[in-house]
Amino acid sequence: MMPSTATGADRRAAVIDDPTLTGREFCRELAAVTDQWLVDLVEAARSRPGRQPRVAVLALGGYGRGELAPFSDLDVLIVHETTAKRVESLASAIWYPLWDAGLKVGHGVRTPKEQQRLAASDLDSATALLTARPIAGDPRLAEAVVELGRVNWTRRRSRWLGELRQRVKARQADAGEVAYMLEPDLKDGYGGMRDVHSIWWAIDAGLAVPADDLAALEECYATLVRARVALHLATGRQGEILRLEDQDAIAARGGFTDADHLMAEVAAAARRISWIGDEAWGRVGRVTTGAAEPVAPGIELVDGEIELTDGVHPSADPTLVLTAAVAAARHRVRIGRHSLDRMADELAPWPGSWPVGATDELVALLLEGHAAIPVLEALDQRGLVSRMLPEWEPVRSRPQRNAYHRFTVDRHLWEAAANAAELVDRVARPDLLVLGALFHDLGKGYPGDHTEVGMELVRSIGPRLGLSAADIDVLVLMVEHHLLLPDVAMRRDLTDHATISTVADAVGGVDTLDLLHALTEADSKATGVSAWNSWKEELVNDLAARVRHVLGGGDVREVTWRLFPDAATLARMASGEVDVSVTDDRVVIVNPDQQGTFSRLAGVLSLHGLDVVSAQAHSDEWHPGHLTMAASQFRVVLPRGGVDWAPVVQDLRRAVAGGLAIEARLAERARTYRRRRATQAAAPGPPRLEFHDGASSNATVIEVRAPTKIGVLYRITKALAELGLDIRHATVQTIGMEVVDTFYVRTSSGGLVTDRFHRNEIGRAVLHAVQ
């Protein structure tokens, strides 16, 4: 119990430090002690000598609702019926203690008429009064202001409803979706707290919302409040965004099992809020005539929504659910609320074989592309997807907390299928393409390796869908190898015949290759903006073209041609002179072949902030008395502002001559460089090195995974050079805070690395270098 002498700041601190309080309970307790503080301040001010003006103190906004998060702004209004000068002393006696305690106060001092004029012209002021709550002072004056707010809102309801709707649309267009953002904005994101507020305000303006939706909104809103309070408490500051590096602490403070549980709960709540909001706002301004247009047996279009006719029942014909979904997607409309409720009430789970025609309807729905996603979302909100496909339940709202994936697993699969629908002209079996896209990551909802689990799931699902054994085998292979093309394209030498032969053997046929090629693009685009770019597309297309030649009966030796070194580079090598040339995002350096030069060149690029994505090296065959020349090509990511290449070229020449203190310069840059905030929920695992025997016909392939750091490529290649290895080809990939670098190396004598002791030393040197 707090001592009687405790100040308002002390009481607030006690609530904030109470580990038993979370969510709305916390907010109510903090609002209550803050109310008492304001009461004490007002009474102290009014007890001063002299006549005090008649005033009322009201809480507005979130504070008015009693939803005071730990470090929220304190929105307080003082209403008076005198002059601003007369009330100035009393207002200062209230504001200054709050400011001195470090609170951010949204304060106002107005007469009722001033407040009325402001609320009549400004939406934010009008909505603030809807939740205004008297705290201290003259109760009649306070109630009069509250009533003015209600009258103003009712009188201008059409205007406010229109403005609210425009605000919601603007947030949809500008703010990220809370359910699918890696770091969602709990308040202003789409599906966030402000969307709930808007619905509540719209109800006061006449918007009709079903009672069960209102109950669901309360439940979902409570989840977001719980997360927001935990966010403030875990970080010790005001904020609305669930930063990745904070999510573990937020989950612990909010009483969630872990960060995955936190994000899954937030995603599920935000999806429900978004769906209810779309439903509610979709009814605003809609003209209803009752005219019905048949669009399929048992399905009709009524007032812009798809409805089941009265004489049909999903319990008797389960395919009606998918038939209605296809109709909604094709007409770009929603399934009517009444029909959704009927489906939810009547459709029984499909544990066995699907009804005849249901698989065709599912494929037809997926082939509608992105128009199918809001329809699938509507079905999922009623639990209908999981009734048809029980394996779907574990991936619902399942977060993917890494820098690579934008969406939850279920939404990722829908997005991948929608993207695949745009690529069906590239494959012989569009149906298998969209089904493979829908199922490729289904295993992520289960323990174990998601690919292996996914393969087993497809083997179970396929027969229930009525697919042939051959089609099931293709879908299983698509799940098994959905990462094959991008992984090989990004991490292997595409001119090595072992690379081409390995992929061709895994794929087996041209039709399957085309399916995997299209799935790679669809999956990558559904993953996130960093997962598909022109460079990756070029590599994947190159790999697919080479493999297609072999699968078509061509000789693998006909597709092992190299673009580097080209004729111009060979000519510069023949001159025996050091040369540096830049073309777009490629840097080519010709220099005398000396051990360690490749690593120094990589170090220079790192010094200038250029991220290397691939590198190739070539050297002349050694002849007695002949100057052996080497050429290195680096492909880099160009920053938005472009590159001033003059100092880069100058430092590359210095590095070739051994005149640049690269190690020291990299250390200086690492000390002064302000590291970007981590974009991955957790740091990558410990560094790892793996030899991939058989991955190349003429080199030893080494793959290194390590945390990304300034100069990491320089340190790895320097370690390899110190062990006498000659780098022939390298690929560099950064995924979140981890690099995945692959090196094709030979010994100083041109052979493969086979000696066990030598391999152990390579591992020891490289892993030490990346610590």
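The following questions and answers explain how some features of this predicted model get their descriptions.

Reader: Why is W95 called buried?

Author: Buried means under 20% relative accessible area. W95 has 5% relative accessibility, so W95 counts as buried. This residue is found in helix α4, residues 84-100.

Reader: What makes up the surroundings of W95?

Author: Leaving aside residues up to four places away in sequence, W95 touches V76, I78, V105, H107, G108 and V109. A contact here means heavy atoms within 4.5 Å. The C-alpha atoms of W95 and L41 are separated by 9.1 Å, and these two residues are 54 residues apart along the chain.

Reader: How do you know whether D246 is buried or exposed?

Author: Exposed would need over 50% relative accessible area, and buried means under 20%. The value for D246 is 14%, so D246 is buried. D246 lies in the loop between α10 (211-235) and α11 (247-254). Not counting residues up to four places away in sequence, D246 touches T235 and R237.

Reader: Why are β1 and β2 said to pair?

Author: Two strands pair if at least two bridges are found between them. Strand β1 (residues 55-59) and strand β2 (residues 74-80) are joined by 5 bridges, so they pair. The two strands run antiparallel. One of the bridges has A59 with V76 of β2 as its partner. In general, strands of a sheet pair through backbone hydrogen bonds, either parallel or antiparallel.

Reader: What makes β3 and β4 edge strands?

Author: The open sheet has 4 strands in the order β3-β2-β1-β4, with mixed pairing. β3 (105-110) and β4 (133-137) each pair on one side only, and they are the edge strands. On average, neighbouring strands of this sheet are turned by 25° against each other, direction ignored.

Reader: Which helices lie on these strands?

Author: Helix α2 (residues 23-46) lies across β1, β2 and β4, and runs at about 30° to β4. Helix α5 (residues 112-121) packs on the sheet as well, touching β2 and β3. The direction of α5 makes about 120° with that of β3.

Reader: How do you know that R334 and E279 form a salt bridge?

Author: The cut-off is a side-chain nitrogen of Lys or Arg within 4 Å of a carboxyl oxygen of Asp or Glu. The closest N and O atoms of R334 and E279 are 2.7 Å apart, so the pair meets the cut-off. This pair links distant parts of the chain, with R334 in strand β8 (residues 334-335) and E279 in helix α12 (residues 259-282), 55 residues apart. Both belong to a network of salt bridges that links D212, D213, E279, R283, R334, R337, D341 and R382. The whole structure holds 57 salt bridges.

Reader: What makes E391 and R464 a salt bridge, and are they buried or exposed?

Author: Their N to O distance is 2.8 Å, and the limit is 4 Å. The pair therefore qualifies as a salt bridge. E391 sits in the loop between α17 (384-388) and α18 (409-421), while R464 is in helix α20 (residues 450-464), 73 residues apart. E391 has 10% relative accessibility and counts as buried. R464, at 11%, counts as buried too.

Reader: Why are α20 and α21 called roughly antiparallel?

Author: Angles over 145 degrees count as roughly antiparallel. The axes of α20 and helix α21 (residues 469-480) cross at roughly 160° and come within 9 Å. The two helices are therefore roughly antiparallel to each other. Their crossing is right-handed. Residues in the contact include T451, G454 and M455 of α20 and I472, L475 and V476 of α21.

Reader: How do you know that helix α16 is largely enclosed?

Author: In helix α16 (residues 372-381), 9 of the 10 residues are buried, so the helix is largely enclosed by the rest of the structure. The buried residues include A372, I373, V375 and L376. E377, D380 and Q381 are also among them. After α16 comes G383, whose phi is positive, near 70°.

Technical notes
Residues numbered from 1 in each chain as written. Predicted model: local features only at pLDDT ≥ 70, side-chain atom pairs only at ≥ 80, totals over all residues. Heavy atoms only, no water. Buried < 20%, exposed > 50% of the residue type's maximum accessible area, 1.4 Å probe, protein only. Axes fitted to C-alpha atoms, helices over the stretch in contact; angles between N-to-C directions. Parallel < 35°, antiparallel > 145°, perpendicular 65-115°, else oblique. Left-handed = near helix turned anticlockwise from the far one by under 90°.
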